[in-house]
Amino acid sequence: MTSNRLSLDRGSGRPLYRQLREALEHEIAAGQLDPRRPLPSSRELSRELGISRNTVNTAYQELEAEGFVEAQPRRGLFVNREMLGEIRRGTAAAIPTGPVNWTAHLNESPDRSLAEIAKIPDWHRYPYPFVAGQVDSSSFPRLAWLRALREALEPPHLHFSLRDGIDEDDPELVDQLCRHVLPARGIEVDPDHVMITLGSQQGLDLLAHTLLGPGSVVGVEEPGYLDARHIFLRAGAQLRPFRVDGSGLVPPDELAGVALLHLTPSHHSPSNVTLSIARRRQLLAMAQRDDTLLVEDDYDSEFRYQGSPTPALKALPDNERVIYLGTFSKFLAPGIRLGYLVAAPALVAELRRQRRYRVRHASGHIQRAMALLIESGQYHRTVRRRRTNLARRWSTLRDSLQEHLAWPVDPPPGGVSIWLPGPPGLDCVELSDRAAAHGVVIERGDIYFTDPARHRNFIRLGFAALPLSQIEPGVAVLARLAREQLGG
Ligand SMILES: Cc1ncc(COP(=O)(O)O)c(C=O)c1O
């Protein structure tokens, strides 16, 4: 090799080792280096080129890493004959470059034509964020949670916080749920009926992949929880919508052919109506007859502002086919991603196996901290405080809507959002855009229906994430924009 062929440009600003590597690559590709003879040692080459040995070594290391040269023990570096062959055959140069065509790699998702709940990521910066599914972080029991997290790192809890639980949950959290949380919903079960989830969403996903297959029919409430629809469709299922009125889902004549029926009996999502006791019994009997499984999504049952919460569907006799989903998302915070599922032990065991090969289990540390939070009584204190707090917000929002809106409003006394059917001329899509431009974040209601285009006069106002004092002024702005839209 002659070093005068290797010209390095010190003034170019490009690192010398890179210039040297590229020059050597070029020499190899052009067949200028004899593969039977070793490359000059770094000492020789650095002297010839007047550069440091480090620079030569770095260039050599990269050439070796890329396969242009190979080290032979005690003989030195040689041009890699295989690479030379490839270069001569043109195969090395034929490897196409450029961006990956991801569309060709990604599976087509079966829910692609279904709308998604669009969240404004910086909702907390708006003065009037009537968002659903979020909480006001000032009401989170920060100190108690911090204490629980710290205690969970002390023996004897440390082991459970750190271990690989494989398909198990924290036995202490399951025990606390069985003794202190589920009985409040009328559910008395042994630990083998309970599984911890990363929130209801994961419960739904595991159920979908365990119980459904391509073509399975899933009954859903109409309007209904959009994320559940996505999950079922993604598992290959078909949706059969069932109408909801002021007493919850209207029982059809039969459920034959429906593998699973998703229900929000305590507070229907999104309207918050409660499924009547008569209909619960009717649906349970029908499910028994037609062999349909019922999924009870009990995401915010404690938030009832008049009267007491109705017991769970899972608390009725003959409830084996009811699969109960609970979550800490509404009572504590959705970001903690923790929930629970109650079902027959045979199903729980299979769901645990499904979960094992997906995410293994929820964080042991978070599970143990939650167990300690419940045991200390702080969890129940937080739920009570939050209920009082939300009751105030609910009545303020209802009163403000009744005062400012030009149409009657009579929401059921529960939940963490108010569902507003508007007059036929109301257009939630345009209104939500205009409202956001005026600092008011609201949710469009059309997307909760199978046919959104025919339901543009519905909006949803969450009230858990904004300060009480912002509710009335926010409603005043919204009402003015709605009046303008309706031409009043
Ligand atoms: C009907 C329904 N179920 C469950 C949840 C909570 O889901 P997760 O527990 O996954 O946070 C929500 C939250 O918005 C909901 O609206």
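Predicted model: local features only at pLDDT ≥ 70, side-chain atom pairs only at ≥ 80, totals over all residues.
Q: Hi! Let's start with α1: does the end-to-end span of its 14 residues agree with what they should span, or disagree?
A: It agrees, because 14 residues at 1.5 Å each should span 20 Å, and the end C-alpha atoms of α1 (residues 16-29) are 20 Å apart.

Q: Nice. Which residues of α1 are buried?
A: Tyr-17, Leu-20, Arg-21, Leu-24 and Ile-28 are the buried ones. They sit on the same side of α1, because they cover an arc of only 100° around the axis.

Q: Why would residues with that kind of spacing point the same way?
A: An α-helix has 3.6 residues a turn, so residues three or four places apart point the same way.

Q: And what do the buried residues of α1 pack against?
A: Their partners are α3 (53-66), β2 (76-79) and α4 (81-89).

Q: What follows α1?
A: Gly-31 does, and its phi is positive, near 70°.

Q: On that note, which residues have a positive phi although they are not glycine?
A: Asn-272 is one, with phi of about 75°. Arg-360 is another, at about 70°. For background, most residues other than glycine have a negative phi.

Q: Where is Asn-272, and in which loop?
A: Look between β8 (258-263) and α12 (277-290); Asn-272 is in the loop there.

Q: Is that Asn-272 buried or exposed?
A: Buried, because 23 other C-beta atoms lie within 10 Å of Asn-272, and the cut-off for buried is 20 or more.

Q: What about Arg-360, then: where is it found, and how many C-beta neighbours does it have?
A: Arg-360 is in the loop between α13 (345-356) and α14 (364-375). It has 14 C-beta neighbours inside 10 Å, so it counts as partly exposed.

Q: Which loops hold Pro-156 and Pro-223?
A: Pro-156 is in the loop between α7 (142-151) and α8 (158-162). Pro-223 is in the loop between β5 (217-222) and α11 (226-234).

Q: β5 is in a sheet, then. What is the strand order there?
A: The open sheet of 8 strands runs β4-β11-β10-β9-β8-β5-β6-β7, and its pairing is mixed. β4 (194-197) and β7 (248-249) are the edge strands, each pairing on one side only.

Q: Do β5 and β6 run parallel or antiparallel?
A: Parallel: 6 bridges join β5 to β6 (residues 238-245). Val-217 stands opposite Gln-238 in β6.

Q: What about the sheet with β12, β15 and β14?
A: That one is open, with 3 strands in the order β12-β15-β14 and antiparallel pairing. β12 (417-421) and β14 (443-444) each have a single partner strand, so one side of each is left without a neighbour in the sheet.

Q: How many bridges join β12 to β15?
A: There are 5, and the two strands run antiparallel. The bridge partner of Pro-421 is Phe-458 in β15.

Q: Last topic, the ligand. Which residues come nearest?
A: Gly-199, Ser-200, Gln-201, Thr-327 and Ser-329, out of 13 residues around the ligand.

Q: And how does that shell split by class?
A: The shell has 9 polar, 3 nonpolar and 1 charged residues.

Note on methods
Residues numbered from 1 in each chain as written. Near = placed C-beta within 6 Å. Nonpolar A, V, L, I, M, F, W, Y, C, P; charged D, E, K, R; others polar. Helix = DSSP H or I, 4+ residues; strand = E, 2+ residues; numbered from the N terminus. Buried ≥ 20, exposed ≤ 12 C-beta atoms within 10 Å, placed from the backbone. Pairing = 2+ DSSP bridges. Expected span 1.5 Å × (residues − 1). Arc of directions from axis to C-beta. Contact = placed C-beta atoms within 7 Å.
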